[in-house]
Amino acid sequence: MISEFFWLYFLQTRPRTQCLYHHIQLLNKHIIHTGVPMFLDFMSEVEGLLHAALERCGYKVEEGVNNLGLELSPHADLASSVAFRLAPVLKKSPVAIAREIHQALGQNFSYVQKVELSGPYLNFFMSRKFLDRVIQQALADNAWTGRMNERVIVEHTSANPDGPLHVGHIRNSVIGDTLVRILRRAGCTVDAQYYVNDMGRQEAMVVVGCDHFQLDGSKADHAVAKVYIAANRLMETNPEIRDEADQVIQRYEAGDDETVAKIQSAIKYAIGGIEGTLHRMNIRHDSYHWESEFVRKGDVSEILGQLEKTGLTEYEEGAFQLDLTSYGFEKKMVLKRANGTSLYITRDLAYHRWKSLNSDRSVDVLGADHKLVSGQLCTALRLLGVREPEVVIFEFVSLPTGSMSTRKGKFISADELLDEVEKQAYEEVKVRRPEESEAFLKVVAAQVATGAVRYDVVKVSPDKATTFDWKQALDFEKLSAPFIQYSHARACSILRKGEDLCKAETSQEGQNDPAQADMLIGENEIALIKKIAQFDLVIDRAARELKPHQLATYARELAESFNHFYRYSPVLDAEPRLRQARLALARAARNALRTTLETLGIDALETM
RNA sequence: GGGCCCGUGGCUUAGCCAGGAUAUAGCACCGGGCUUCUAACCCGGGGGUCGCGGGUUCGAAUCCCGCCGGGCCCGCCA
């Protein structure tokens with residue numbers, strides 16, 4: 001019975017030497033299916049070989065992350081720089097140590113073909129057997145799924161229902177939804193949640209706005225925004241609007257029927273519009289949770305009571321506050337207003353406690369402006385003895401003219417962006433496929449647009465602040481979704497023609513030769529198989545570290561590998577047995593591309 | 001003023017947390033490749049003090065300290 005399992009990770013892929021590390025997991029439920037040879041298994045074998053060799057030499061490496069110095073390298077499938085680590089301790093040259101370890105490695109290889117000594121480095125190479133099994137795995141009907149088995153709640157988007165999503169919100173939505181997909185691929189059961197801010201001032205302003213202005217016939221979320229912006233403008237000259245909003249907040253918290261009805265219908269109306277936009281981007285939430293739920297159920301007052309017991313609370317000018325100065329927060333956290341109504345942070349505390357109790361992991365995707373408040377929230381949760389969420393922070397998206405604001409009507413909506421990108425995509429498809437029907441052009445344009453928008457967002461690390469740029473958004477030339485979608489479409493095209501060819505020959509000659517994977521010896525073929533093999537590592541690492549952009553990078557590399565294969569290894573013109581082998585690889589690559597695209601939430605077009 | 005994040009060829013960007021062998025790509029620029037499975041592709045070329053200065057180390061884009069520049073935050077808003 002295995003009680004421990006080494007999770008192996010690696011950073012990136014291509015040329016430069018990259019760091020790998022492992023992480024000991026103590027829970028059986030995390031064990032990866034060992035019958036599915038992917039990169040993790042190759043790496044596992046390398047680790048075992050190295051540990052055994054080190055033991056034979058009588059060498060000990062210190063416990064620690066990546067203590068074997070494993071890394072992806074342009075010189076090998078996996079390289080170890082462990083000799084460098086041992087040199088200061090053993091007072092020998094790294095080259096001599098590497099030589100000793102190399103001699104002690106033995107020959108009990110399965111997925112390892114050979115180990116080459118290169119100065120102080122030990123270079124491990126994959127065996128034919130491993131490569132063949134990778135193809136078999138990729139050819140299987142079911143896409144690869146990991147064994148994480150955790151129940152995860154991912155909260156993302158959660159935009160106030162006071163207007164449409166804008167280009168800043170979609171960074172949240174795309175990162176969040178991609179994480180949901182990555183976690184599911186890794187084997188988790190994921191509940192994607194939208195937290196609805198129904199008790200805040202913003203929503204009260206929408207209701208006040210609806211009392212003074214008419215919702216027009218535009219898309220629901222846009223109509224709501226107009227009313228909301230108008231109400232805010234009105235407040236500048238008529239300060240009593242603020243009092244009206246305050247009264248709405250108080251009546252709603254008190255449960256006044258008429259106010260409840262007004263707020264809820266306004267929210268449902270706005271959310272309907274927001275959902276429409278999300279659906280265009282292949283994003284769906286599994287459940288919606290309203291902050292008022294947690295007030296009405298009594299969770300909020302229960303939490304206030306528990307926090308009072310910590311002895312860190314106090315009343316200041318009638319407001320109930322939590323003093324977190326000893327935890328490094330200089331400002332006190334106000335839990336209840338002097339007028340008795342609750343605040344966002346208090347309701348959020350209740351929501352987070354509920355999430356923690358109903359999941360193994362909970363993930364929040366939040367903009368950089370929430371950093372401080374989510375730090376306070378986590379500290380308060382710790383005081384309550386509740387597991388903290390894992391918070392994924394993304395830096396701001398601003399406009400060339402400054403930051404966006406729904407209230408001021410200063411934003412570029414997601415709908416506007418999608419419309420423009422789709423228009424551009426339509427022109428591109430029309431040039432390339434003039435013979436196709438209008439319906440075809442429209443479908444392809446829409447799917448290319450969705451992909452282009454999602455990929456543009458997800459390819460950049462969340463901690464880079466960005467400035468929205470139309471020119472860049474509409475330029476989906478190379479480093480973008482269409483590049484990957486196109487590779488997939490090419491693979492599909494080969495497979496379609498290959499099938500026809502096989503049918504014709506089968507009817508003529510009776511029998512096809514079975515595919516011979518070991519005929520795939522071209523440099524580009526091997527490279528493609530190796531790239532396919534890395535999928536499990538990318539998913540595993542992205543799921544654990546919550547870094548979706550790593551999958552975006554992998555997708556580009558996979559497509560690139562396929563394009564090289566496409567260019568240098570003719571499939572249909574090859575002699576029958578080789579053709580079979582290459583068709584199998586094309587199918588394996590098609591499956592890998594499709595799975596990767598699906599995990600990114602990008603449509604895998606079969607033709608474009 | 002304090003806290004967090006970012007700074008990599010003209011522009012955008014990977015790698016950084018877990019330091020290792022020639023620093024990743026794209027755009028733009030120069031040149032080449034469609035009678036051959038979809039050229040939304042492929043190949044070659046030029047272009048880099050990895051913000052600056054110290055330190056740690058056999059070895060630093062990566063770790064530590066200081067500085068400079070940019071973003072975000074510091075509400076009885078969310």
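This briefing covers the sheets, the nonpolar core and the ring contacts of one structure. The model is predicted: local features need pLDDT of at least 70, side-chain atom pairs count only at pLDDT 80 or more, and totals for chains, interfaces and linings use all residues. Residues are numbered from 1 along each chain as its sequence is written, chains are lettered from A and ligands numbered from 1 in the order in which they are written, and side-chain values use heavy atoms, leaving out hydrogens and water.

**Parallel sheet**

- Five strands, in the order β9-β8-β7-β13-β14, make up an open sheet with parallel pairing. Strands are DSSP runs of E with at least two residues, helices are runs of H or I with at least four residues, and both are numbered from the N terminus. Two strands pair if DSSP finds at least two bridges between them.
- The edges are β9 (287-290) and β14 (390-394), each with a single partner strand, so one side of each has no neighbour in the sheet.
- From one strand to the next, the twist averages 25°. Axes are lines fitted to C-alpha atoms, for helices over the stretch in contact, and angles run from 0 to 180 degrees between N-to-C directions.
- Strand β7 (residues 151-155) is joined by five bridges to strand β8 (residues 189-196), and the two run parallel. Valine 154 has alanine 192 in β8 as its bridge partner.
- Helix α9 (residues 257-280) lies across β8 and β9 and runs at about 145° to β9. Contact here means heavy atoms within 4.5 Å.

- Four bridges connect strand β10 (residues 313-316) and strand β11 (residues 319-322) in the antiparallel sense, and glutamate 316 stands opposite alanine 319 in β11.
- The hairpin of β10 and β11 has two residues between the strands, and glutamate 317 takes a positive phi near 50° there.
- β11 and β12 pair over three bridges, with leucine 322 opposite methionine 333 in β12.

**Nonpolar core**

- The largest nonpolar core has 180 residues. Such a core is a set of buried Ala, Val, Leu, Ile, Met, Phe, Trp, Tyr and Cys residues joined through side-chain atoms within 4.5 Å. Buried means under 20% relative accessible area, exposed over 50%, and partly exposed in between (1.4 Å probe, protein chains only).
- Helix α15 (residues 438-458) supplies the largest share of this core, eleven residues.
- Among the residues with the most contacts inside the core are Phe42, Leu78 and Ile532.

**Aromatic rings**

- There are 14 aromatic pairs in the structure. Rings of Phe, Tyr and Trp (its six-membered ring) pair if their centres lie within 6.5 Å; planes under 30 degrees apart count as stacked, over 60 as edge-to-face and the rest as tilted.
- Phenylalanine 535 and tyrosine 554 form a tilted pair, because their ring centres are 6.0 Å apart and their planes are at 50°. Phenylalanine 535 belongs to helix α19 (residues 535-545) and tyrosine 554 to helix α20 (residues 549-568). Phenylalanine 535 is buried at a relative accessible area of 5%, and tyrosine 554 is buried at 1%.
- Phe39, Phe42, Tyr111 and Phe130 form one aromatic cluster.
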